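My notebook is open, and I am looking a few things up one by one. Come along and check each entry with me.

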Amino acid sequence: MNSQVRLAHTEVSTPVTPKPALLSVDDAKALDLAKMTEIFTSHLNPGQLHFMKLLGFHKIKVERADGMYYYDQNGRKILDFFGGFGSLAFGHNHPRIVAARQAFQNEKRHEIAIAFMSQYATALAHNLAACSPGDLDMVFLGSSGSEAMEAAIKVAERAVGPAKPKIVYATNSFHGKTKGVLSITDGPLYRGEFKLVENNVRVPFGDIEAIENAFRSDPQIGVIVLETVQGGGGIIQADEAFWKKLRQLCDQYGVLWVADEVQCGFGRTGKFYAFEHYGVVPDVTALAKSLGGGKAAVGAMIARREVYMKAYGTPKTAMIHAMATFGGIGEACITSIEALNVLYDEGLIDNSAEVGDYLLERLQALQARYPTLLKEVRGKGMMVGLEFHDFSQAMPMVLRPLLSVLDDKLKGSLPGFIGSHLLRDHGVLVAFTEYNRNVIRLEPPLICERSHVDDFITALDEVLSRGIVKIVRDFVTAQMK
């Protein structure tokens, strides 16, 4: 009787929370460009929209994506040589990865089981250890590159001890946007006048003498953090001698080396890790981007067991930096498990090396054809940078002295014009870099074939063949439409 009264009371008196004016999934899919622009301006990032408009990217609504291509609202194919800054090793919607996720959902397997061991997180940690050289075998799972790098510098700092709290980082580095790794990210734009951690030392990237001098002069240095290939810096590499000497110096001075492989790892340069090209192994590394198979947000820190155990190896310290709520979530882990298997089953690391060499060869031929536009072609595998000359140097000789004073303000304009033309006229998408704005960044999926390279080269050749004056005029004309 009491339960019936209670139930009746509940049914009559429980208030109904009014539903806001929410968009449904179908509503979201059906948004047109005008409405998307309105919402983006009101609720996301109006300043970012300014740059999208400059390049004409605001006119594209992506309806679907498959393999190497996006498809826009008009059904036009867009060849993806951007690759989500290295997040799309498998292209868009790889069938094996999609099937693995669908099976997980259909069987109603668990996503979050924090109180228990997860068979999926456990298996992913095993696979990452199996893919990693040396004794890199202790894994922390997270949801982003920033989170993985935060875990990396924390495990290194704890392992090296409080007597050596300083961290060395490099010029033009990018390690993430959360406050810890932002402190070792070398860019005033991203630093944005935040109050950051100050226990760091800045050195020129690739300058082993500067690093040795820093280690020798400051015994408080305990960690050095470097991207093996600088992505935001413009696809910048150091040579083998640098990395071998770095390993030697770290051992000599008791400094732990953290290799940031968030962008350059996972087969992108033709090895699983970019540092494997140089026959050296860091103390800690980090992966993200393509680790999620293009379908999930997954990041991982992988540390030498000795380092990890010093930091978190006792019951008292084990929970200091344990996984967060969404670290090791079920479907994300099985996505990464399948992605790692696909990477090897389909020979994508080898493909990255072979087709990457072909891409560099074709680009170097273009550089020889257009030396006043293209300054340098560089990279490894499917991580390539095209550096263009300053704007004045690309102009006719008579105009160079007049325009040289504007070079700094105009940096990035030529790659921007070219990238805009590639998208508008040829359906090709490329990326840019944070620090050297004269660089176009190419990070196509590792499934890229020679035919895709040929299509890209044909498009770029056509744009460059217009010459600087016509490139600028065509851009201005397009902006006026």
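**Entry 1: a lysine in a loop.** Where is the place of Lys-289? I found Lys-289 in the loop between strand E11 (284–287) and strand E12 (299–304). Helices (H or I, at least four residues) and strands (E, at least two) are DSSP runs, numbered from the N terminus.

Before going on, I noted that this is a predicted model, where local features need pLDDT of at least 70, side-chain atom pairs count only at pLDDT 80 or more, and totals for chains, interfaces and linings use all residues. Residues are numbered from 1 along each chain as its sequence is written, and side-chain values use heavy atoms, with hydrogens and water left out.

Back to Lys-289: its phi is positive, about 45°, although Lys-289 is not a glycine. I wrote beside it that most residues other than glycine have a negative phi. Lys-289 is partly exposed, with a relative accessible area of 28%. Buried means under 20% relative accessible area, exposed over 50%, and partly exposed in between (1.4 Å probe, protein chains only).

**Entry 2: another lysine.** Lys-108 is not a glycine either, yet has a positive phi of about 50°. I located Lys-108 in the loop between helix H6 (95–106) and helix H7 (119–131). Is Lys-108 buried or exposed? Lys-108 counts as exposed because its relative accessibility is 76%.

**Entry 3: a nonpolar patch.** Ile-114 also lies in the loop between H6 and H7, and I logged it as exposed at 60% relative accessibility. Together with Ile-112 and Phe-326, Ile-114 forms a nonpolar patch on the surface, with about 320 Å² of accessible area in total. Accessible areas come from the Shrake-Rupley method with a 1.4 Å probe; for residues, only the protein chains shown count as cover. Nonpolar side chains (Val, Leu, Ile, Met, Phe, Trp, Tyr) are joined within 5 Å, like charges within 9 Å.

**Entry 4: helix H8.** H8 covers residues 145–160, and its end C-alpha atoms are 22 Å apart, in agreement with the 22 Å that its 16 residues should span at 1.5 Å a residue. The expected span is 1.5 Å times one less than the number of residues.

How values were computed: Patch = residues over 30% accessible without salt bridge, like charges linked within 9 Å, V, L, I, M, F, W, Y side chains within 5 Å. Salt bridge = Lys/Arg side-chain N within 4 Å of Asp/Glu carboxyl O.
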